[in-house]
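Subject: Structure handover

Hello,

Here is the structure for you to look through. Please open it first, then read my notes beside it.

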Amino acid sequence: MSTPELELPTPRVSVDPTRWPDLASVPGGLRTRVAAVIADRLFRNAAARLDVRVEYPDGTVLGGGGAAGSSNSIDSRILPRMIIRRPESFARRLGRGGLVGFGEAYMAGDWTASDPVAVLTPFAAEMGTLIPLPLRRLRRFVVAAQPTGERNTEENTRSNISRHYDLSNALFETFLDGSMTYSSALFDELPARWDALETSQHRKIDRLLDAADVRAGTRLLEIGTGWGELSVRAAKRGATVRSVTLSTEQQALARRRVAEAGLSDRVQIDLLDYRAVDGEYDAVVSVEMIEAVGYDYWPTYFRTLDRLLRPGGLVALQAITMPHDRMAETRDSYTWIHKYIFPGGLLPSTESIDVITRSLTSLRTVDRLRFGDHYAETLRLWRERFTTHTDRVADLGFDAVFRRMWEFYLAYSEAGFRSGYLDVQQIVFRKEGAR
């Protein structure tokens with residue numbers, strides 16, 4: 001059986017109402033109370049059939065495919081434990097905000113878990129069936145839509161990107177490896193080790209550069225600079241690189257790293273929206289940037305790649321993908337990830353990328369590699385590193401709520417890949433036409 005609940009004391013999370021206004025008080029009002037009753041029933045029904053152990057203060061235990069009951073009603077399998085610390089607060093947040101409220105309840109300490117990835121993975125695996133179909137059809141009438149001010153227009157995109165990537169370079173340094181690469185690594189063996197992460201990030205980058213045929217003399221465009229590692233490695237091959245970003249923090253550090261590598265004459269890093277890029281390039285590389293583009297702008301994104309690439313040129317794209325039916329069902333929803341991590345974005349499906357490129361561009365897929373299990377391991381290493389360095393994160397000025405938010409973000413993402421709900425792919429396109 002699981003160890004006693006005492007191993008997980010209720011967290012004392014001090015919530016600053018000016019920084020976290022939606023967490024400072026529990027939602028109230030008649031509509032919220034009614035919604036909380038419905039949400040609580042739906043959550044309990046879903047939890048009862050999953051391989052988790054959900055514990056309530058009154059002794060109720062759910063999970064393991066069984067019904068609610070006492071702590072002895074679940075079989076002896078060791079299941080990941082989710083402790084509901086404040087049931088009423090948890091239900092109200094869930095009723096008011098759905099999955100947004102679920103994440104906010106974790107941030108506020110309404111529920112805890114010693115292994116949040118293990119808890120979240122069974123939920124992610126059943127994401128499409130947790131809510132009964134008749135209720136899912138009512139989603140658009142219940143779940144909030146994305147705010148107009150967060151759509152990735154040219155006017156909004158800079159602020160959307162800034163909210164994540166301009167938090168602090170020092171924050172990202174607490175959990176990334178020395179290459180400062182913030183995307184999935186490609187390991188030579190799994191499970192992965194921390195001391196293999198930087199080498200594995202280079203393996204991922206080099207595979208993309210090889211796929212795009214980047215060599216001496218190549219005119220390379222990178223959309224989404226990160227902190228400059230791909231640009232440096234491409235320039236070391238003899239390529240001339242133009243890289244664009246909308247993060248001032250990333251641009252500053254990437255330029256410094258390029259200069260320290262003695263490659264400033266080969267690499268130009270511009271603070272520029274991808275839609276405003278001009279010129280013609282032999283190859284384009286974009287690593288996990290399409291996720292921030294937004295559903296309405298995917299056609300613009302791929303048309304831009306098509307416009308900038310010479311005939312016969314290659315695009316090497318690394319993209320996180322989700323199932324097409326779930327993408328179509330949730331594309332207009334406002335999620336916890338939108339609110340707290342990546343405003344304005346949406347994960348594409350493989351089908352959506354294929355349809356857009358074939359119908360609107362001269363780009364044709366010539367290679368594809370899937371490696372979602374490698375992303376799960378990358379995220380595990382980041383999460384473990386982050387939790388090890390929480391004191392350093394606090395010293396940077398990030399409070400306890402932020403730290404719980406970031407832990408949930410990393411765990412939530414890892415669970416998506418562990419369950420197979422999410423995948424990551426390297427997709428290579430060739431532009432049709434004569435060279």
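Below is what was found, going from the whole chain down to single residues.

**The whole chain**

Keep in mind that this is a predicted model. The secondary structure of the protein chain comes to 18 helices and 11 strands. Its radius of gyration is 23 Å, close to the 22 Å that the globule rule gives for 435 residues, so the chain is as compact as a globular protein of that length. The C-alpha trace spans about 70 × 45 × 40 Å along its principal axes.

Of the 435 residues, 56% are buried. Take the contacts between residues at least 6 apart in sequence: 75% of them join residues at least 24 apart. The chain exposes about 18700 Å², and carbon and sulfur atoms supply 51% of that.

**The cores**

The largest nonpolar core has 99 residues. Which of them touch the most other members? They are Phe43, Met82, Trp111, Tyr182, Tyr301, Phe302 and Trp406. Helix 18 gives the most to this core, with 10 residues. Leaving aside neighbours within four places in sequence, Phe43 is in contact with Val54, Tyr56, Met82, Ile84, Phe90, Leu94, Phe102 and Phe123.

**Helix 2**

Helix 2 covers residues 87-97. Its buried residues are Ser89, Phe90, Ala91, Arg92, Arg93 and Leu94. Phe90 and Leu94 are also among the contacts of Phe43. The buried residues of helix 2 pack against helix 1 (30-48), strand 3 (81-84), helix 3 (99-108) and strand 4 (111-112).

Arg96 also belongs to helix 2. Is Arg96 buried or exposed? With a relative accessibility of 52%, Arg96 counts as exposed, because the cut-off for exposed is over 50%. Not counting residues up to four places away in sequence, Arg96 touches Pro27, Gly28 and Thr32. The C-alpha atoms of Arg96 and Val34 are separated by 9.6 Å, though the two are 62 residues apart along the chain. Gly98 follows helix 2, and its phi is positive, near 60°.

**Helix 7**

Helix 7 runs over residues 157-165. Thr157, Asn160, Ile161, His164 and Tyr165 are buried there. Seen down the helix axis, these buried residues fall within an arc of 110°, so they line one face of helix 7. Remember the geometry: an α-helix has 3.6 residues a turn, so residues three or four places apart point the same way. What covers the buried residues of helix 7 includes helix 8 (169-173), helix 11 (248-260) and helix 18 (400-419).

**The loop between helix 8 and helix 9**

Stop at two places in this loop. Met180 lies here. Its phi is near 50°, a positive value in a residue other than glycine. Met180 is buried, with a relative accessible area of 7%. Pro191 lies in this loop too. A cis peptide bond joins Leu190 and Pro191, with omega about 0°. For background, most residues other than glycine have a negative phi, and most peptide bonds are trans.

Now find Glu377, in helix 16. Its relative accessibility is 5%, so Glu377 counts as buried. What does Glu377 touch, not counting residues up to four places away in sequence? The list is Phe187, Leu190, Pro191, Ala192 and Arg418. Both residues of the cis peptide bond, Leu190 and Pro191, are on that list.

**Helix 9**

Helix 9 has 15 residues, numbered 197-211. It reaches 21 Å from its first C-alpha to its last, close to the 21 Å expected at 1.5 Å a residue. Its buried residues are Leu197, Ser200, Gln201, His202, Lys204, Ile205, Leu208 and Leu209. They pack against strand 5 (219-223), helix 10 (229-236), strand 8 (281-287), strand 9 (309-321), helix 16 (372-388) and strand 11 (423-431). Just after helix 9, Asp213 takes a positive phi of about 55°.

**One last stop**

Glu288 sits in the loop between strand 8 and helix 12 (298-308). Its phi is near 50°, a positive value in a residue other than glycine. Glu288 counts as buried, at 12% relative accessibility.

Best wishes

Methods:
Residues numbered from 1 in each chain as written. Predicted model: local features only at pLDDT ≥ 70, side-chain atom pairs only at ≥ 80, totals over all residues. Heavy atoms only, no water. Buried < 20%, exposed > 50% of the residue type's maximum accessible area, 1.4 Å probe, protein only. Helix = DSSP H or I, 4+ residues; strand = E, 2+ residues; numbered from the N terminus. Arc of directions from axis to C-beta. Contact = heavy atoms within 4.5 Å. Expected span 1.5 Å × (residues − 1). Rg over C-alpha atoms; globule rule 2.2 N^0.38 Å. Areas by Shrake-Rupley, 256 points an atom, 1.4 Å probe, with all protein chains shown as cover. Core = buried A, V, L, I, M, F, W, Y, C linked by side-chain atoms within 4.5 Å.
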